[in-house]
Amino acid sequence: MSDIVEEIRTAYGRVGITLDRPATYGTYYRLLCAGCGKMVGNVGDRLLPDMAAALVEQQFDLYAIGGLGCPCGHQRQVTRGLDAARWEAAQRRYGGVA
Amino acid sequence: MSERVTGDMTEIDEAEARGRTELWPFWRRVYAQGDPLPRFAPPANRAPHRFDEGDPLPEEYRGLLLKMLRHEGERAGNKSFLGFMATCLDLAEAIFPDATSRLIKAEYLAEELKHAIMFHRLAVGLERDFALKDVPYAHYAFHLPRETWADDAFFHFFVDLNGAFHARDWRESSYVPLAKMSATVERDELGHSEMGYHFLQRICETARGKTVVQHLLGKWYPAALDMFGRSDSPNVPKFIGWGLKSVGNAEIRDAYKTYVDAKLVALGLDLPDERAHRRFL
């Protein structure tokens with residue numbers, strides 16, 4: 001398991017998304033909702049160092065308002081637990097769009 | 001030999017014609033309005049080189065050509081390319097917004113597999129061992145997470161357009177087999193980019209969708225500009241000198257940026273700082 005893959009796993013784990021086993025020929029991984037197991041996307045293993053954490057961090061507001069993440073709402077719930085103040089701010093900033 | 005290849009491709013062309021809808025192929029309407037892409041003129045003082053399949057190639061030339069084709073990647077014998085196509089199928093199955101979009105993605109995949117056959121033939125004619133070489137995509141743009149249809153739309157809008165710009169440059173290529181297929185690859189890749197843009201237009205029709213798209217633009221825009229490599233790449237003068245490229249990374253990136261910026265503004269999006277989050281300036 002490469003360091004980058006571990007970085008990706010850790011970054012997504014924070015927001016309630018798990019990394020599946022390698023898909024296809026090992027370069028790409030499915031992203032699964034940690035709440036219900038549904039596939040919510042995919043990612044490759046050639047991200048640059050520190051990129052995965054930065055990307056997930058930048059997407060916090062989208063998980064918070066339900067613009068990204070599983071329809072079951074798991075990531076929305078997890079991000080609220082991570083940072084309630086930021087989560088509330090995202091609801092106010094994007095009020096009416098989620 | 002060439003007659004048989006032409007016949008095979010005619011069958012693919014006919015299948016492609018059967019897949020045509022009001023939307024597909026997306027390149028049709030764009031080219032009907034005129035040439036959508038800039039012209040890249042080679043330096044006037046460049047030594048004239050021209051190599052066809054089977055010609056002995058200078059060692060440096062062969063190395064640069066193979067490097068370029070490894071980067072391109074769309075080869076039937078490149079299992080990493082096929083794996084990447086599988087991720088597109090995965091996404092189309094898991095997060096497609098409607099049946100029409102799913103059908104469009106099926107046409108996209110078929111067309112990319114057509115390219116895989118075209119580049120396979122080119123590879124066999126160049127170096128047989130290369131035809132079955134696995135080359136995972138090295139650039140991070142091919143590995144960015146795609147977590148929504150908007151991510152996938154950005155991937156196509158930006159990354160396939162990168163392919164169209166390079167294919168436009170190949171029109172002037174000194175390697176004849178590449179020059180011959182360049183117009184088809186350019187046209188198709190521009191169509192794939194337009195497909196992504198079409199999806200972005202649909203998504204931006206709602207406030208929620210536009211919010212998501214604006215947010216995700218910050219992820220894709222730097223990657224798109226980074227795909228052209230460093231402006232001071234030491235290999236570029238060699239590529240230009242041998243006639244494998246006409247212009248440098250900075251020039252083609254600038255032309256690309258002008259093109260995408262106009263399209264993004266037309267969507268009502270705010271353009272990110274062009275230097276923010278960039279890794280290859």
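Which residue forms a salt bridge with Asp226(B)? The partner is Arg278(B), with the closest N and O atoms 2.7 Å apart; a salt bridge here is a side-chain nitrogen of Lys or Arg within 4 Å of a carboxyl oxygen of Asp or Glu. Arg278(B) sits in the segment after α10 (249–266) of chain B and Asp226(B) in helix α8 of chain B, so the pair ties together parts that are 52 residues apart in sequence. Helices are DSSP runs (H or I, at least four residues), numbered from the N terminus. Both partners are buried: Arg278(B) has a relative accessible area of 14%, and Asp226(B) comes in at 0%. Buried means under 20% relative accessible area, exposed over 50%, and partly exposed in between (1.4 Å probe, protein chains only).

A word on ground rules before we go on. This is a predicted model, in which local features need pLDDT of at least 70 and side-chain atom pairs count only at pLDDT 80 or more, while totals for chains, interfaces and linings use all residues. Residues are numbered from 1 along each chain as its sequence is written, chains are lettered from A and ligands numbered from 1 in the order in which they are written, and side-chain values use heavy atoms, with hydrogens and water left out.

Back to the charges: over all chains, the structure holds 22 salt bridges. Another one pairs Asp261(B) with Lys257(B), whose closest N and O atoms are 2.6 Å apart. These two both lie in helix α10 of chain B, four residues apart, or about one turn of the helix, and both are buried. Chain B also has a network, in which salt bridges that share partners join Asp35(B), Arg39(B), Arg168(B), Arg171(B) and Glu186(B). Then there is Arg202(B), whose side chain meets that of Glu205(B) at 2.8 Å, N to O. Arg202(B) counts as partly exposed, at 40% relative accessibility, and Glu205(B) is exposed at 54%.

Now look across to chain A. Here 29 residues of chain B are in contact with 34 residues of chain A, contact being heavy atoms within 4.5 Å. The size of an interface is often given as the accessible area lost when the parts come together. Chain B and chain A bury about 2800 Å² between them, 60% of it on carbon and sulfur atoms; that area is summed over both parts, with a 1.4 Å probe. The rule finds one salt bridge across this interface, and Asp90(B) and Arg30(A) meet in a salt bridge at 2.5 Å, N to O. On the chain B side, the elements that give two or more residues are α4 (79–95) and α8 (207–226). The largest share, nine residues, comes from α4(B).

The two chains also meet in a surface feature: Tyr25(A), Leu82(B) and Leu113(B) form a nonpolar patch with about 270 Å² of accessible area together. Such patches take residues with over 30% relative accessible area and no salt bridge, joining nonpolar side chains (Val, Leu, Ile, Met, Phe, Trp, Tyr) within 5 Å and like charges within 9 Å. Leu113(B) belongs to helix α5 (residues 99–126) of chain B and, at 39% relative accessibility, counts as partly exposed.

Finally, a stop in a loop. Asn45(B) is found between α2 (27–32) and α3 (59–72) of chain B, and is exposed with a relative accessible area of 71%. From Asn45(B) to Leu190(B) the separation is 145 residues in sequence and 30 Å in space, C-alpha to C-alpha.

Definitions and conventions: Areas by Shrake-Rupley, 256 points an atom, 1.4 Å probe, with all protein chains shown as cover. Buried area = accessible area lost by both parts, 1.4 Å probe.
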